[in-house]
Amino acid sequence: MFLLAHLSDPHLGPIPTPPLRELLNKRGLGLINWYRKRHRHHRADVLDAIVADMHAQQPGHIAVTGDLVNISLPAEFARAARWLEQVGTPADVTLVPGNHDAYIRRAAGSAAQHWGDYMRGDDGALFPFVRRRGPVAMIGLTTSLPTGPFMATGRLGDDQLARLGEILGRLSHEPVFRVVLIHHPPIPSHGHYMKRLIDAPKLRALLGKHGAELLLHGHNHEQQLLWLDGPKGHIPAVGVPSASAIISRHDEPAAYNLYRISGEPGAWTCEMVVRDLRAGHTGITELMRRPLIG
Ligand SMILES: [Fe+2]
């Protein structure tokens with residue numbers, strides 16, 4: 001049995017005080033948003049509890065699906081790099097970036113610069129990349145690109161989609177459990193037009209043609225389970241809440257998911273375990289477990 005853990009959207013705070021010149025762009029709006037509401041909803045002690053509980057489960061690998069920072073300030077990237085080191089080594093942790101990790105055009109290369117060792121394939125390739133751990137082949141995608149004010153959209157781009165098709169097709173002939181890691185969900189939620197993955201239909205078409213065993217995403221800060229069409233049945237696509245979210249009416253409380261993966265092609269089994277922060281409970285506890293595959 002291989003145990004894969006998934007957490008997302010830690011939105012590490014507080015935002016360091018930037019020079020005014022750093023705020024004369026979308027960052028200014030982001031900072032206002034942070035102090036109006038976000039800073040109250042993301043807490044370091046909650047994130048620490050999530051990571052400690054996850055480490056106690058001794059996962060074979062950890063997937064992190066983006067939004068480590070908030071407005072892409074240089075000091076945020078450096079702090080997030082230190083946080084990643086606490087989560088695990090680049091060999092034990094695979095990261096894909098989110099929209100907040102490329103908040104403005106000037107910061108577009110910062111994630112690769114600071115966290116590159118966590119975002120490379122076994123062969124050193126950048127997106128899309130492949131990392132193999134036990135029976136699992138993780139395929140890392142980036143949807144992270146600078147957008148205008150009030151926008152949180154993502155895009156894979158035709159080049160990345162073409163290479164993703166080749167990778168999924170090639171891996172479909174190997175005895176591996178394919179896990180696609182992506183920040184944006186593959187189907188936008190109702191009312192999330194400004195937050196959507198623009199080329200999600202093309203991604204779903206590729207998955208429908210070549211298949212994958214599992215897709216993990218973040219972005220919406222909520223528990224989500226969708227079933228995508230695959231060539232031999234449905235593919236589970238699972239989202240997690242922010243790993244630093246307090247209990248509030250704003251977002252779902254912090255959680256992470258575990259996947260217990262066994263078997264072989266045609267006979268895979270995968271059980272999902274959700275562990276979260278909940279009123280009336282001490283620390284992080286199991287919310288539910290359910291078979292996803294098999
Ligand atoms: Fe996001």
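Tutor: Below we take some labels one by one and set each against its definition.

Tutor: First, some ground rules: this is a predicted model, where local features need pLDDT of at least 70 and side-chain atom pairs count only at pLDDT 80 or more, while totals for chains, interfaces and linings use all residues. Residues are numbered from 1 along each chain as its sequence is written.

Student: What makes β1 and β10 a pair?

Tutor: Two strands pair if DSSP finds at least two bridges between them. Strand β1 (residues 2-7) and strand β10 (residues 255-262) have five bridges, in the antiparallel sense. Phenylalanine 2, for instance, sits opposite isoleucine 261 in β10, and histidine 6 has asparagine 257 of β10 as its bridge partner. As for the names, strands (E, at least two residues) and helices (H or I, at least four) are DSSP runs, numbered from the N terminus.

Student: What is the pairing on to β11 like?

Tutor: β10 and strand β11 (residues 269-277) are antiparallel too, over eight bridges. Tyrosine 256 has arginine 275 in β11 as its bridge partner. The two strands form a hairpin with six residues between them, and glycine 263 in the turn has a positive phi of about 105°.

Student: Which strands are the edge strands of that sheet?

Tutor: The order in this open sheet of six strands is β3-β2-β1-β10-β11-β12, with mixed pairing. At the edges are β3 (93-95) and β12 (284-293), each pairing on one side only. On average, neighbouring strands here are turned by 20° against each other, direction ignored.

Student: Why is isoleucine 15 called buried?

Tutor: A residue is buried if 20 or more other C-beta atoms lie within 10 Å of its own, exposed if 12 or fewer, and partly exposed in between, with C-beta atoms placed from the backbone. Isoleucine 15 has 20 such neighbours, so it counts as buried. You'll find isoleucine 15 in the loop between β1 and α1 (26-41). Leaving out residues up to four places away in sequence, isoleucine 15 touches Leu31, Trp34, Asn70, Ile71, Leu73 and Glu76; contact here means C-beta atoms, placed from the backbone, within 7 Å.

Student: Where are the cis peptide bonds in the model?

Tutor: One joins glycine 13 and proline 14, with omega about -10°, and proline 14 lies in the loop between β1 and α1. Another joins phenylalanine 127 and proline 128, also with omega about -10°. Most residues other than glycine have a negative phi, and most peptide bonds are trans.

Student: What is the phi of histidine 219, and is the residue buried or exposed?

Tutor: Its phi is near 80°, a positive value in a residue other than glycine. Histidine 219 has 30 other C-beta atoms within 10 Å, so it is buried. Histidine 221 has a positive phi as well, about 55°, and with 23 neighbours histidine 221 counts as buried. Histidine 219 is in the loop between β7 (214-217) and β8 (224-230), and histidine 221 is found in the loop between β7 and β8.

Student: Why are α5 and α6 called roughly parallel?

Tutor: The axes of α5 (residues 158-171) and α6 (residues 200-210) come within 10 Å and cross at roughly 20°. That crossing makes α5 roughly parallel to α6. The cut-offs are under 35 degrees for roughly parallel, over 145 for roughly antiparallel, 65 to 115 for roughly perpendicular, and oblique for the rest. Axes are lines fitted to C-alpha atoms, for helices over the stretch in contact, and angles run from 0 to 180 degrees between N-to-C directions.

Student: Which residues of α5 and α6 make the contact?

Tutor: From α5 come Leu161, Leu164, Gly165, Leu168 and Gly169, and from α6 Lys202, Leu203, Leu206 and His210.

Student: How do you know that β4 and β8 are at the edges of their sheet?

Tutor: This open sheet of six strands runs β4-β5-β6-β7-β9-β8, with mixed pairing. β4 and β8 each have a single partner strand, so one side of each has no neighbour in the sheet. The twist from one strand to the next averages 25°.

Note on methods:
Contact = placed C-beta atoms within 7 Å.
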